[in-house]
Amino acid sequence: MTTPTPLFRAAWIALSANGIAILAFGLVTLLAPPSGDRLLWRADSLATLGTGLFGLVITVFAFRQRQIWAWWALWFYPVFWLTHLLSNLPPGKDHIHQIAFTALSLAALIATFPLGNGRVNSES
């Protein structure tokens with residue numbers, strides 16, 4: 001594995017932050033579910049924990065190795081956050097975090113756009 005540039009390092013850290021945020025939301029709702037259907041919240045919490053964990057593992061291992069499939073798979077992050085924003089979904093009511101994580105994940109993915117060599121760009 002080649003030495004990552006500062007931009008590539010910032011990108012994988014930003015993508016890791018997305019996974020950690022999703023994991024944290026899943027953990028919070030699992031431990032302290034909001035009012036309503038507790039079984040539904042428990043199921044949603046477990047699914048969210050899995051989503052955050054999978055994204056974090058993909059980022060830390062495959063994306064850092066510049067595997068192109070990981071770059072494509074991580075496009076789930078901006079879709080996830082944008083869907084939550086546009087659908088007025090939890091967590092929170094201010095939606096600042098959804099805008100921030102959408103922008104963060106988009107910036108990281110655009111900055112590491114593959115350049116035709118079958119690898120994620122780390123030369124920027």
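**Core.** I looked up the largest nonpolar core, where a nonpolar core is a set of buried Ala, Val, Leu, Ile, Met, Phe, Trp, Tyr and Cys residues joined through side-chain atoms within 4.5 Å. Of its 19 residues, I found that L15, F63, L74 and W81 touch the most other members. Two or more residues come from each of α1 (6-31), α2, α3, α4 (76-86) and α5 (96-111). The largest share, seven residues, is given by α1. I take the helices as DSSP runs (H or I, at least four residues; strands are E, at least two), numbered from the N terminus. For burial I use relative accessible area: buried is under 20%, exposed is over 50%, and partly exposed lies in between (1.4 Å probe, protein chains only).

**Basis.** I note that this is a predicted model, in which local features need pLDDT of at least 70 and side-chain atom pairs count only at pLDDT 80 or more, while totals for chains, interfaces and linings use all residues. Residues are numbered from 1 along each chain as its sequence is written, and side-chain values use heavy atoms, with hydrogens and water left out.

**Confidence.** I read pLDDT as the predictor's confidence in each residue, from 0 to 100. The chain averages 90, and 91% of the residues score at least 70. Among the elements of the chain, I find the lowest mean in α4 (93) and the highest in α3 (96).

**L74.** I listed the contacts of L74 (heavy atoms within 4.5 Å), leaving aside neighbours within four places in sequence. L74 is in contact with L15, G55, I58, T59, F63 and L109.

**A70.** I placed A70 in helix α3 (residues 68-73). A70 counts as buried because its relative accessibility is 0%. Beyond its neighbours within four places in sequence, A70 is in contact with I58, A62 and F63. I note that A70 and I58 are twelve residues apart along the chain, with their C-alpha atoms separated by 6.2 Å.

**R64.** I located R64 in the loop between α2 and α3. R64 has a relative accessible area of 27%, so I record it as partly exposed. The C-alpha atoms of R64 and F54, ten residues apart along the chain, are separated by 14 Å.

**Surface patch.** I found that L53, V57 and F61 form a nonpolar patch on the surface, with about 290 Å² of accessible area together. Areas come from the Shrake-Rupley method with a 1.4 Å probe; for residues, only the protein chains shown count as cover. L53 lies in helix α2 (residues 38-63) and is partly exposed, because its relative accessible area is 45%.

Conventions. Patch = residues over 30% accessible without salt bridge, like charges linked within 9 Å, V, L, I, M, F, W, Y side chains within 5 Å. Salt bridge = Lys/Arg side-chain N within 4 Å of Asp/Glu carboxyl O.
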